[in-house]
Amino acid sequence: MTDKAVLGLSWVELGRPKLSPRALYGRYAVVFFYPRAGSPGCTREVQDFRDRYLQFRSLGAEVLGVSPDPLAAVEEFAKAQGIPFPLLSDSELALARAFGLGGGRRIPRSTFLLDRGGVVRRAWLRVRVDGHADEVLKALEAVRAADLEVNPLVGVRRAHRALAAEPVPRQELEKLVEAAHLAPSCFNNQPWRFVVVTGENLTKVKGALPGGNYWAQAAPAVIAVASHRDLDCKLSDNRDYFLLGCGMAVGFLMIQATQMGLIAHPIAGYDPIAVKKALNIPEDYVLITLVVVGKPGDPATLSEKHREIELGLRDRKPLTSVLFWEQMPRTEAK
Ligand SMILES: Cc1cc2nc3c(=O)[nH]c(=O)nc-3n(C[C@H](O)[C@H](O)[C@H](O)COP(=O)(O)O)c2cc1C
């Protein structure tokens with residue numbers, strides 16, 4: 001199994017003929033490695049994938065066969081067998097290495113099922129051809145069904161308050177901002193500005209928190225999110241988009257933090273003037289939120305009310321009170 005479960009899409013370019021990552025964008029990928037074009041087992045395997053290709057396609061997947069044969073041999077094999085999907089030549093074994101299939105000149109028969117994010121969701125090593133394509137099809141159905149549920153990171157993210165005093169490494173804090181910076185924005189204006197505070201200014205920031213946010217005193221880091229309305233689109237009907245842009249960026253940051261096992265809790269409860277002064281944020285900027293960052297700590301450090309929230313189920317209005325189809329109901333109008 002590959003030690004890199006997240007391959008992204010760049011591996012697509014490693015075989016020959018070169019495929020563009022665009023070809024796989026938004027699709028699942030079934031990548032099957034076979035040892036030798038034209039051998040009886042490999043012929044049966046490509047035929048099995050060929051005969052189920054429409055089913056794979058209808059489930060949103062592309063199929064790719066890979067072998068170490070030279071390109072001419074692969075092309076001949078594809079033609080002889082009427083293969084409708086790409087067969088790639090991996091004569092340098094670059095693709096095999098990317099999937100963690102190291103070793104000699106022989107590629108072991110193995111198959112990988114990657115999701116739309118380039119994450120390996122299933123891997124089959126030492127594949128036996130009989131029934132294999134059907135098994136992969138079944139696995140694809142299961143992965144697809146799971147992906148039609150709410151994203152697990154969105155589902156488990158919480159505004160937790162119990163923080164450990166342990167510091168968060170600088171690279172991890174930077175990774176949070178890197179994810180935030182990938183958010184969309186009006187005209188790609190990127191109106192967000194982040195000030196990451198871990199040093200002596202952290203004491204000043206903590207001094208600007210009210211008693212209700214006592215729990216944030218334990219935080220090893222705070223990320224201040226600031227912007228100005230001139231940094232983004234200003235459209236009719238009061239549509240100032242800088243706040244939306246920053247909101248989306250903070251959303252991305254929180255999901256990234258959840259993936260990394262960190263708490264990233266946005267707060268509005270602070271003295272904005274004092275924090276702006278401490279962090280040298282211009283007066284005319286809006287300090288939209290402070291994101292309190294840390295590793296999960298002991299809920300026993302929280303007040304009873306917060307402990308209950310921390311350990312309790314998530315509280316949401318029913319979906320029917322926020323989701324309307326086609327028109328807003330009259331009762332919503334002010
Ligand atoms: C803009 C904003 C401001 C918030 N301010 C505070 C705050 O000052 N103190 C606090 O304890 N939680 C604060 N929260 C956290 C919310 O209370 C929390 O997100 C909400 O109760 C939903 O819980 P959940 O995030 O666990 O689903 C804030 C959240 C947002 C998005």
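Residues are numbered from 1 along each chain as its sequence is written. Because the model is predicted, local features were required to have pLDDT of at least 70 and side-chain atom pairs were counted only at pLDDT 80 or more, whereas totals for chains, interfaces and linings use all residues. The domain assignment of the protein, with bounds that come from an automatic or database assignment, gives domain 1 as residues 10-147 and domain 2 as residues 156-332. The C-alpha centres of domain 1 and domain 2 lie 42 Å apart.

Secondary structure elements are DSSP runs numbered from the N terminus, with helices (H or I) of at least four residues and strands (E) of at least two, and two strands are taken to pair if DSSP finds at least two bridges between them. On this basis, five strands form an open sheet with mixed pairing, in the order β3-β2-β1-β4-β5. Strands β3 (87-89) and β5 stand at the edges with a single partner strand each, so one side of each is left without a neighbour in the sheet. The twist averages 20° from one strand to the next, where axes are lines fitted to C-alpha atoms, for helices over the stretch in contact, and angles run from 0 to 180 degrees between N-to-C directions. Helix α3 (residues 71-81) lies across β2 (61-67) and β3, and runs at about 165° to β3; contact between two residues requires that their C-beta atoms, placed from the backbone, lie within 7 Å.

Within this sheet, strand β4 (residues 110-114) is mostly covered, five of its five residues being buried. Burial is assigned from C-beta atoms placed from the backbone: a residue is buried if 20 or more other C-beta atoms lie within 10 Å of its own, exposed if 12 or fewer, and partly exposed in between. In a regular strand the side chains alternate between the two faces of the sheet. In β4, Ser-110, Phe-112 and Leu-114 point one way and Thr-111 and Leu-113 the other way, and all are buried. Strand β1 (residues 28-33) pairs with β4 in the antiparallel sense over five bridges, and Val-31 stands opposite Phe-112 in β4. The pairing of β4 with strand β5 (residues 120-124) is likewise antiparallel, over four bridges, with Leu-114 opposite Val-120 in β5. The hairpin of β4 and β5 has five residues between the strands, and Gly-118 takes a positive phi near 75° there.

A further open sheet comprises four strands in the order β6-β7-β11-β10, with antiparallel pairing. Its edges are β6 (193-197) and β10 (263-267), each of which has a single partner strand, so one side of each is left without a neighbour in the sheet. Here the twist averages 25° from one strand to the next. Strand β10 pairs with strand β11 (residues 286-294) in the antiparallel sense over five bridges, and the bridge partner of Ile-263 in β11 is Gly-294. Helix α7 (residues 170-180) packs on the sheet, touching β6, β7 (221-227), β10 and β11, and its direction makes about 165° with that of β6. Helix α10 (residues 272-279) lies across β6, β7 and β11, and runs at about 75° to β11.

Leu-173, placed in helix α7, counts as buried because it has 21 C-beta neighbours inside 10 Å. When residues up to four places away in sequence are not counted, Leu-173 touches Val-168, Val-196, Ala-221 and Val-293. The C-alpha atoms of Leu-173 and Ala-162, which are eleven residues apart along the chain, are separated by 18 Å.

Asn-188, in the loop between α7 and β6, has a positive phi of about 55° and counts as exposed, with 7 C-beta neighbours inside 10 Å. Asp-237, in the loop between β8 (234-235) and β9 (239-240), has a positive phi of about 60° and is exposed, with 4 other C-beta atoms within 10 Å.

The ligand is surrounded by Arg-158, Ala-159, Asn-213, Pro-266, Ile-267, Ala-268, Gly-269, Thr-289 and Arg-314, a residue being near a molecule or strand if its C-beta atom, placed from the backbone, lies within 6 Å of it. By class, this shell has four nonpolar, three polar and two charged residues, with Ala, Val, Leu, Ile, Met, Phe, Trp, Tyr, Cys and Pro counted as nonpolar, Asp, Glu, Lys and Arg as charged, and the others, Gly among them, as polar.
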